[in-house]
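Dear colleague,

Please find below the structure that I am handing over to you. My findings are set out after it.

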Amino acid sequence: MVSTKALVKVVEHPLVKYTLTRLRDYQTPSSEFRQLAIELGRFLVYEAMTELTQRAAKVETPIGPAQGTVLSDYVILAPVLRAGLVLAEGAQHLLPSARVYHVGLRRDESTLEAISYYARLPENLPTESRVFVLDPMLATGGSAVAAISLFAKMGVKEIHLVSFVAAPEGIKQVHSKYPTVKITTAAIDQGLNEHAYIVPGLGDAGDRSFGT
Ligand code: PRP
Ligand code: URA
């Protein structure tokens, strides 16, 4: 059995750390926050995609034949609205051919339950699907579990979660329900406060992304 620790990758690259620091700063205005979030999304998804399946393929350069690869996974990006949209923007630059299925979830701030308000998924997905659930904040884990469950129910085996900041509580919750989900994040923070916000976190990712 794979240890759940091995399934969590904290990306230590200096650009990731610097970008996250700018995002955490409460003085960073919304317009800059959004741009930084797109960049951080791109860095993290790049890391999360190191496991994409490659198949050997020949290519002709202007000079002659070369050995190369093609990607053989059916890649799906699943941004969790709203905050996941900026993460998806960065990810789409990396792999424009990826399919994007939006998942609308809102955390009820009194019960902390994830309430679904939008999900338009196909009835079936190819067996070689690899889903990247994109949600910047992994707090209690309720939203991540709800998003993952949509794809797990359809038989998808390869599900990755990409977040900017993760709380230990959220990681535990995801792995208690889905022990094989891989998590890529820029940081694992101390924990949650009495309102289930990540400490120190970066505040409300959706509000800061969209200036609401
Ligand atoms: C935030 C965040 C996550 C969720 C994390 O979304 O973007 O989706 O909370 O919390 P959890 O791990 O405790 O479920 P929110 O519900 O605030 O919606 P928004 O992105 O539209 O602001
Ligand atoms: N949602 C956020 O946007 N931030 C948190 O810290 C927790 C949930």
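Predicted model: local features only at pLDDT ≥ 70, side-chain atom pairs only at ≥ 80, totals over all residues.

Residues are numbered from 1 along each chain as its sequence is written, chains are lettered from A and ligands numbered from 1 in the order in which they are written, and side-chain values use heavy atoms, with hydrogens and water left out.

Ligand 1

Ligand 1 is surrounded by 14 residues (a residue is near a molecule if one of its heavy atoms lies within 4 Å of it). The closest are R82, R107, D135, T140 and S143. By class, this shell holds four nonpolar, five polar and five charged residues. In this scheme Ala, Val, Leu, Ile, Met, Phe, Trp, Tyr, Cys and Pro count as nonpolar, Asp, Glu, Lys and Arg as charged, and the others, Gly among them, as polar.

The elements giving two or more residues to the shell are β6 (103–107) and α4 (142–152); helices (H or I, at least four residues) and strands (E, at least two) are DSSP runs, numbered from the N terminus.

Ligand 2

The residues around ligand 2 are R107, M137, A139, A196, Y197, I198, G203, D204 and A205. They divide into six nonpolar, one polar and two charged.

The backbone supplies several contacts to ligand 2. A polar backbone atom of I198 is 2.8 Å from an oxygen atom of the ligand, and a backbone N or O atom of G203 lies 2.8 Å from a ligand nitrogen. A backbone N or O atom of A205 is 2.9 Å from an oxygen of ligand 2. The protein covers 88% of the 240 Å² of accessible area that ligand 2 has on its own.

Backbone

Most residues other than glycine have a negative phi, and most peptide bonds are trans.

The peptide bond from L81 to R82 is cis, with omega near -5°; R82 is in the loop between β4 (74–81) and α3 (84–94). A cis bond also joins V199 to P200, again with omega near -5°, and P200 lies in the loop between β13 (198–199) and α6 (205–210).

Phi is positive at L112, near 70°, in the loop between β6 and β7 (114–119). A196, in the loop between β12 (191–192) and β13, has a phi near 65°. Are these two residues buried or exposed? L112 is partly exposed, with a relative accessible area of 28%, whereas A196 counts as buried at 5% (buried means under 20%, exposed over 50%, partly exposed in between; 1.4 Å probe, protein chains only).

With kind regards

Notes
Polar contact = N/O pair within 3.5 Å; in protein donor to acceptor, adjacent residues only side chain to side chain. Areas by Shrake-Rupley, 256 points an atom, 1.4 Å probe, with all protein chains shown as cover.
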